Amino acid sequence: YLPHPDWMSSYITRAEACLPHADSASLADLLYGLAGIDFLPDDTFMAAASARLEVLLPGMPAAALSKVCRSLARLEYCPGDMWLSATLARAEAVAEDLGPLGLPDVLSAMALLGARPPKGWVGHMVGCMQRHLADCPPDRLANLGWSLAVLGCKPEVEWLHEWLVQVRARLKQMDSVDLANVAWATASLQHRPGSLWLEDFSREVGRRFSYMEAQALTDVCWALARFGFTPSDTWLDLLEEELLDRSTTQGSIGGIHDVSSSGDYESSSSGAAAGAGYGAGSGRVLSRQQLAVLLWAFERFRRVPRAAELVDSSEGLLLGAAAGH
């Protein structure tokens, strides 16, 4: 619930006056509440909040630290280099206490805010996370993999194997964005799961076709193709039927070359953003870039889609995308 603007203005004025006296828990709760209603205060307030954070960070408890990171990520606000340095130092110091919720939240925040922590720092957080994988909720598991891919950190094979074991055990509890995050992350980290894992994964994706957003659908198909895994004919038939139901008249031709001959592809989705409740996805409408990625995947599946039916011939997007690719 977003209160009336006049109420919010008064609230922010009073909150700003209280910032110099705020402790870690109350400041974390304040930011969490603002993030929950997607309300980003003006620069003056955020500068004051950032200054107070820098004072509190050296002694901030793990729970407050993870809540602050999650909130700032949802608000898409990075306080600056000093905050980042202090946050990295504090997170490393309390890593053992962050647990199965806090560790993924801190890593997701770094990825979403465009930070690039040192590899050693990420490696330390990943190592601490290993003993918490079995206790990690489905959305955090998905966000964890996505974050590591974005941060460019590939864990050891044993770690990835255990992560995939836990993901497989929670596939039915994951939503479509979680599944897309898992697929994109695993393929981006160039770690191919086993065939049985991929069969289970594709089966769960197939059950969600009708309400998967365009970007999630694209990411999953790209990943499966990158793995060299061809889904069943029934799965591909259902995918084509779903694509036939969607409009493909949105987007720009400029993104088509993002799919290279080697299969490199950077998802334009917000990844962990949606999975963690940080923001909205891209909707059901397929853009030209997404259509090009799907064409690339169909080619790897050795499947010729019903091109004439997938788009209105007057738009010519499918043929244009194929030519551009």
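**Figure 1. Residues touched by Val122 in the predicted model.** Val122 touches Leu107, Pro117, Leu148, Leu151 and Cys153, leaving aside residues up to four places away in sequence; a contact means heavy atoms within 4.5 Å. Val122 lies in helix 7. Helices (H or I, at least four residues) and strands (E, at least two) are DSSP runs numbered from the N terminus. Val122 counts as buried because its relative accessibility is 2%. The term buried means under 20% relative accessible area, exposed means over 50%, and partly exposed lies in between, for a 1.4 Å probe and protein chains only. Val122 and Leu151 are 29 residues apart along the chain, and their C-alpha atoms are separated by 8.2 Å. Residues are numbered from 1 along each chain as its sequence is written, and side-chain values use heavy atoms, with hydrogens and water left out. Because the model is predicted, local features need pLDDT of at least 70 and side-chain atom pairs count only at pLDDT 80 or more, whereas totals for chains, interfaces and linings use all residues.

**Figure 2. The packing of helix 7 against helix 8.** The axes of helix 7 (residues 119–129) and helix 8 (residues 138–151) come within 12 Å and cross at roughly 160 degrees. Helix 7 is therefore roughly antiparallel to helix 8. Axes are lines fitted to C-alpha atoms, for helices over the stretch in contact, and angles run from 0 to 180 degrees between N-to-C directions. Angles under 35 degrees count as roughly parallel, over 145 as roughly antiparallel, 65 to 115 as roughly perpendicular, and the rest as oblique. Helix 7 passes helix 8 in a left-handed crossing, in which the near helix is turned anticlockwise from the far one by less than a right angle; clockwise would be right-handed. Lys119, Val122, Val126 and Met129 of helix 7 make the contact with Leu144, Leu148 and Leu151 of helix 8. By class, six of these residues are nonpolar, none is polar and one is charged. Ala, Val, Leu, Ile, Met, Phe, Trp, Tyr, Cys and Pro count as nonpolar, Asp, Glu, Lys and Arg as charged, and the others, Gly among them, as polar.

**Figure 3. The crossing of helix 8 and helix 10.** The axes of helix 8 and helix 10 come within 8 Å and cross at roughly 35 degrees. The crossing of helix 8 past helix 10 is left-handed. From helix 8, the residues Asp139, Ala142, Asn143, Gly145, Trp146, Ala149 and Val150 meet Asp178, Asn181, Val182, Trp184, Ala185 and Ser188 of helix 10. This contact is made up of seven nonpolar, four polar and two charged residues.

**Figure 4. Helix 12 beside helix 13.** Helix 12 (residues 214–227) and helix 13 (residues 233–244) pack at an angle of about 150 degrees, and their axes are 13 Å apart. The angle makes helix 12 roughly antiparallel to helix 13. Their crossing is left-handed. Leu217, Cys221 and Leu224 of helix 12 meet Trp235, Leu239 and Leu243 of helix 13. The contact residues comprise six nonpolar, no polar and no charged. An α-helix has 3.6 residues a turn, so residues three or four places apart point the same way.

**Figure 5. Helix 11 and its cover.** Helix 11 (residues 195–206) has twelve residues and reaches 16 Å from its first C-alpha to its last, close to the 16 Å expected at 1.5 Å a residue. The expected span of a helix is 1.5 Å times one less than its number of residues. Within helix 11, Trp197, Leu198, Phe201, Ser202, Glu204, Val205 and Gly206 are buried. The elements that cover these buried residues include helix 9 (157–169), helix 10 (176–188), helix 12 and helix 13.

**Figure 6. Leu19, in the loop between helix 1 and helix 2.** Helix 1 spans 5–18 and helix 2 spans 24–36. Leu19 has 2% relative accessibility and so counts as buried. Leaving aside residues up to four places away in sequence, Leu19 touches Leu27, Leu30, Phe45, Ala48, Ala49 and Arg52. The C-alpha atoms of Leu19 and Leu53 are separated by 9.5 Å, although 34 residues separate the two along the chain.

**Figure 7. Ala64 in helix 4.** Helix 4 covers residues 62–75. Ala64 is buried, with a relative accessible area of 9%. Beyond residues up to four places away in sequence, Ala64 touches Ser24, Ala25 and Ala28. Ala64 and Ala28 are 36 residues apart along the chain, with C-alpha atoms separated by 5.6 Å.
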